[in-house]
Amino acid sequence: MGLIDFINKFKKMKMDIKYAKILNGYSPIFSQFGQDIYASDVVQQAISCLVTELTKVNPFHIKKNGSDLVPIEDSEIQRLLEQPNERMTQTDFFEKVYWQLFLNYNAFIIPTYYKDAKGNKKYTGLYPIQPTNVTFLQDSSGSLFIRFSFMNGYETELRYSDVIHIRYRYSINELMGGNEFGQPDNKALLKTLELNNTLLEGVAKALKSSFSINGVIKYNTLMDDGKMEKNIKEIETRLANNESGFLPLDIKGEYIPLQNKIQLVDATTLKFIDEKILRNFGVPLPILTGDYTKAQYEAFYQKSLEPIIKRTGESFSMALFTDREKGFGNKILLYPHELIFMDTSQKIELFDVLVDSASCYKNELRTAFGMKPLKELAGQIAMSSNKSNAENNKVKQDENQNNNGGKENEE
């Protein structure tokens, strides 16, 4: 079932609904969304950096069994996460979702489904949408609904519990991320961007001025306006046709060069402005340029990426599982294995620990170092031979002690 078919089916249901009541007194109608800051190349680079890293996450359907987390690899939900819809790969899907999140501070995804004979939902697709207006409604029982309006004039209403809603900077508004109106609050950032734009315009004007008037021709005689205009045209022609770099003049004319001293903005000031813009998105300059250390990347991950990854998993779990399913420990978790920055020596240290504790497969070990997985190693646990020998020796020692103890008891 495609998105349009799903929405049309839902619209046939008759509902007695009205505007939802929210405590801050604002009307629950939200316009999507401010775009003023995105003309800045620095802003676009910062968001692109965040989105690129976040698309590397691997979402999994997990079931919590006591303190253990068990992946449900063959579930319907897992297949949906790996192929969200007929038009998008997993990477395409998350790229779209996260761009919407950073542009609007809210991202909406509609899961399509049908109900089987037992009334259970069978999901068929996940579709990120880009509404122009969002209105929250509720019926007489207090159930929350959401009305989406789109640029082409199309509108639809869905149960809020059927929609995946990811919020960014969720603070003042009860229902939406962003400011009290459910929009990005960019007032402070816009001031910095205006300053940055002023500096760039100043640099552009300084460069243009260096290519304008470079000297003055002084004539040592008095000339009327007609003769002056004639001489100016003659000078312009000579400048246009001159290829040697020398300007021929007669003895009546004197060329006086102008000393153009162009003062550009110093690198320290430009770096300060760039970093001030980037701090708004939690993207350090070394991360943006790609010249970062492991410690810098770990700090970036923990501060800027991890909270969004956690929020995404929780939002998916809230919409895709019933209360009963959540009670049995079903959830969506996003694992950032591909995000973790390690050099070769650090990978060796990690796998020393994993192999020593028998916590990885042999093919995992191969692929981590760029080697292809081997069919004959499928399903084989990587374990240190020293550990295996130590465990075998321990078993033999225990057996000997038990035997000795038995003999002593017999005596």
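1. In this note a residue is called buried when its relative accessible area is under 20%, exposed when that area is over 50%, and partly exposed in between, using a 1.4 Å probe and protein chains only. The model is a predicted one, in which local features need pLDDT of at least 70, side-chain atom pairs count only at pLDDT 80 or more, and totals for chains, interfaces and linings use all residues. Residues are numbered from 1 along each chain as its sequence is written, and side-chain values use heavy atoms, with hydrogens and water left out.

2. Helices (H or I, at least four residues) and strands (E, at least two) are DSSP runs, numbered from the N terminus. Helix α2 covers residues 41-54, which makes 14 residues, and it reaches 20 Å from its first C-alpha to its last, close to the 20 Å expected at 1.5 Å a residue; the expected span is 1.5 Å times one less than the number of residues. Val42, Val43, Ala46, Ile47, Cys49, Leu50, Val51, Glu53 and Leu54 of α2 are buried.

3. How do α2 and helix α9 (residues 294-320) cross, and within what distance do their axes come? The two axes come within 11 Å and cross at roughly 75°, which makes α2 roughly perpendicular to α9. Axes here are lines fitted to C-alpha atoms, for helices over the stretch in contact, with angles running from 0 to 180 degrees between N-to-C directions; angles under 35 degrees count as roughly parallel, over 145 as roughly antiparallel, 65 to 115 as roughly perpendicular and the rest as oblique.

4. On the α2 side, the contact (heavy atoms within 4.5 Å) is made by Leu50, Glu53 and Leu54, and on the α9 side by Tyr297, Phe300, Ser304, Leu305, Ile308 and Ile309. By class, this contact of α2 with α9 has 7 nonpolar, 1 polar and 1 charged residues.

5. Ile110 stands opposite Tyr127 in β6, and Lys115 has Lys121 of β6 as its bridge partner. The two strands form a hairpin with 5 residues between them, and Gly119 in the turn has a positive phi of about 85°.

6. The buried residues of α4 include Phe93, Phe94, Val97, Tyr98 and Leu101, and the helix is followed by Tyr105, whose phi is positive, near 65°.

7. Another open sheet has 3 strands in the order β4-β3-β13, again with antiparallel pairing. Its edge strands are β4 (68-71) and β13 (330-335), each pairing on one side only, and neighbouring strands are turned by 45° against each other on average, direction ignored. Strand β3 (residues 58-65) runs antiparallel to β13 and is joined to it by 6 bridges, with Asn58 standing opposite Tyr335 in β13.

How values were computed:
Pairing = 2+ DSSP bridges. Nonpolar A, V, L, I, M, F, W, Y, C, P; charged D, E, K, R; others polar.
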